[in-house]
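Hi,

Here is the model I said I'd pass on.

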Amino acid sequence: MTERFTGNFTQQEPIPDAGIEAALSVLRHGRLHRYNVAAGELSETALLEQEFAAATGARFALAVASGGYALGCALRAVGVGPGDRVLTNAFTLAPVPGAIASVGAVPVFVEVTESLVIDLDDLAAKLDGAKALMLSHMRGHLCDMDRLMALCDAGGVVVIEDCAHTMGAAWDGVPSGRHGAVGCYSTQTYKHMNSGEGGLLVTDDEEIAARAVILSGSYMLYERHLAAPGPEVFERVKYHTPNVSGRMDNLRAAILRPQLALLDDQVRRWNERYRVVEDGLRDTPGLTVVERHEKETYVGSSLQFLLLDWAPDLVQEALARCADRGVELKWFGGAEPVAFTSRYDSWRYAESVPMPASDRILAGIVDMRLPLTFSLEDCAQIARIVRAEVSAVWQQG
Ligand SMILES: *Cc1c(COP(=O)(O)O)cnc(C)c1O
């Protein structure tokens, strides 16, 4: 009898009890708005920001309504505006080019390598005339951040990091989000901390931080922040910075604070699962495992492999056979955007030139989530099923 996996790839763990308790107490006192505090009270949102700044080693942190909001807010805060060219990855998710388009700027796509990171040679060739790089650490893969920063610093290009998949990751010991001018994170359900929706942004630059706070909708209540610059910095920016409301509320912050305290342990658990699947897939004929750089500390909350140079109908057949056995895989090579997967040429509001080198990679990328509700035995079983079905299709192809 062939084995079938019965787990659910979109089922995350419950919110920790401490988060549920904290959320209930916010609901009981009723002060959900972040600036609605009793005398002497520090809001959950302000405390979350303080703790997130400490966890990442950043001077300033701001909690906002979503990861996508953090990206748009960061672009505005660094001064990107209509018509500016903003470089970004050809391999990313829709909120990234969406954030660029939301400020009237023009996305310029940079090629992806077989390691699933931004192609630094292509980046170097495109720096001229760009105002910023919105660097997406897509699916948790970090490029050589030392070389990337050297290139962008020399070219005068501001770097904003999209760390939706790298909260808790690091390059050469430096936390992801701490290389560029701004690091942006998401706390949407499928990311590394779960508040349903939510985002965070970190920076060491006091004017960027003050502008971001005002942009997020602080009115003139910025003194109620614990991880923001002093009032003199706000004096310099407050009359020139629009309010583009996108605050986080105390309910979501209350849910997140206990998760932040557990993040390192969760990262370790994700990586245990990742290694079991990776080991099980290694040396499967026709399948390429994505190797990690020794300087990369990653978070294995999802896993990608490549079916490089396969005919599209064979990729689809392999995926269908895995799906029949309960293993849900996503493909970035599909002609039409499906659920969370789409390609640079699906975003027709953003002009793109054909990128044959990236098309070859994208056509081979297969993706799976690894929620922490999976046991290590689940992970071993998933790998056995993928290995069997991919090998079977490869042999017939
Ligand atoms: C989820 C995600 C975002 C944005 O997060 P939201 O909180 O859903 O707005 C940005 N970039 C990538 C790569 C993501 O996966």
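A polar side-chain atom of Lys191 lies 3.0 Å from an oxygen atom of the ligand, which is a polar contact in the sense used here: a pair of N or O atoms within 3.5 Å, where a pair within protein also needs one atom able to donate a hydrogen and the other able to accept it, and residues adjacent in sequence count only if both atoms are side-chain atoms. Before you read on: this is a predicted model, with local features needing pLDDT of at least 70 and side-chain atom pairs pLDDT 80 or more, while totals for chains, interfaces and linings use all residues. Residues are numbered from 1 along each chain as its sequence is written, and side-chain values use heavy atoms, with hydrogens and water left out.

Back to the ligand. An N or O atom in the side chain of Gln188 is 3.1 Å from a ligand oxygen, and Gly68 comes in through its backbone, with an N or O atom 2.7 Å from an oxygen atom of the ligand. In total 15 residues surround the ligand, the closest being Gly67, Gly68, His165, Ser186 and Lys191; to be included, a residue needs a heavy atom within 4 Å of the molecule.

Lys191 also stands out in the records. UniProt, in an unreviewed entry, marks Lys191 as "modified residue: N6-(pyridoxal phosphate)lysine", and the feature "active site" is placed at Lys191 too, again from an unreviewed entry. Those positions are in the numbering used here, the feature names are shortened, and annotations may be inferred rather than shown by experiment. Lys191 sits in the loop between strand E8 (182-186) and strand E9 (199-203); helices (H or I, at least four residues) and strands (E, at least two) are DSSP runs, numbered from the N terminus. Is Lys191 buried or exposed? Its relative accessibility is 13%, so Lys191 counts as buried (buried is under 20% relative accessible area, exposed over 50%, partly exposed in between, with a 1.4 Å probe and protein chains only). Beyond its neighbours within four places in sequence, Lys191 is in contact (heavy atoms within 4.5 Å) with Gln12, Ala164, His165, Ser186 and Trp270.

Next, helix H3 (residues 67-77). Because 9 of its 11 residues are buried, H3 is largely enclosed by the rest of the structure. Among the buried ones are Gly67, Tyr69, Leu71 and Cys73. At the start of H3, a side-chain oxygen of Ser66 reaches to within 3.4 Å of the backbone nitrogen of Gly68. After H3 comes Gly79, with a positive phi near 95°.

Strand E3 (residues 106-110) is another enclosed piece: 4 of its 5 residues are buried, so the rest of the structure largely encloses it. E3 pairs with strand E2 (residues 85-89) in the parallel sense over 5 bridges, where pairing requires DSSP to find at least two bridges between two strands. The chain gets from E2 to E3 through helix H4 (residues 95-102), and this β-α-β crossover is right-handed, i.e. with the strands pointing away from the viewer, the path from the first strand over the helix to the second runs clockwise. Asn89 has Val110 as its bridge partner in E3.

- Inside it, strand E12 (residues 302-306) pairs with strand E14 (residues 365-369) over 5 antiparallel bridges, and Ser302 stands opposite Arg369 in E14.
- Another has 3 strands in the order E7-E6-E11. Its edges are strand E7 (174-175) and strand E11 (296-297), each pairing on one side only. Strand E6 (residues 170-171) pairs with E11 over 2 antiparallel bridges, with Ala170 opposite Thr297.

Asp172 has a positive phi of about 50° although it is not a glycine; it is in the loop between E6 and E7 and, at 45% relative accessibility, counts as partly exposed. Asp283 also has a positive phi without being a glycine, about 65°. Asp283 is in the loop between helix H9 (250-281) and E10, and its 68% relative accessibility makes it exposed.

Cheers
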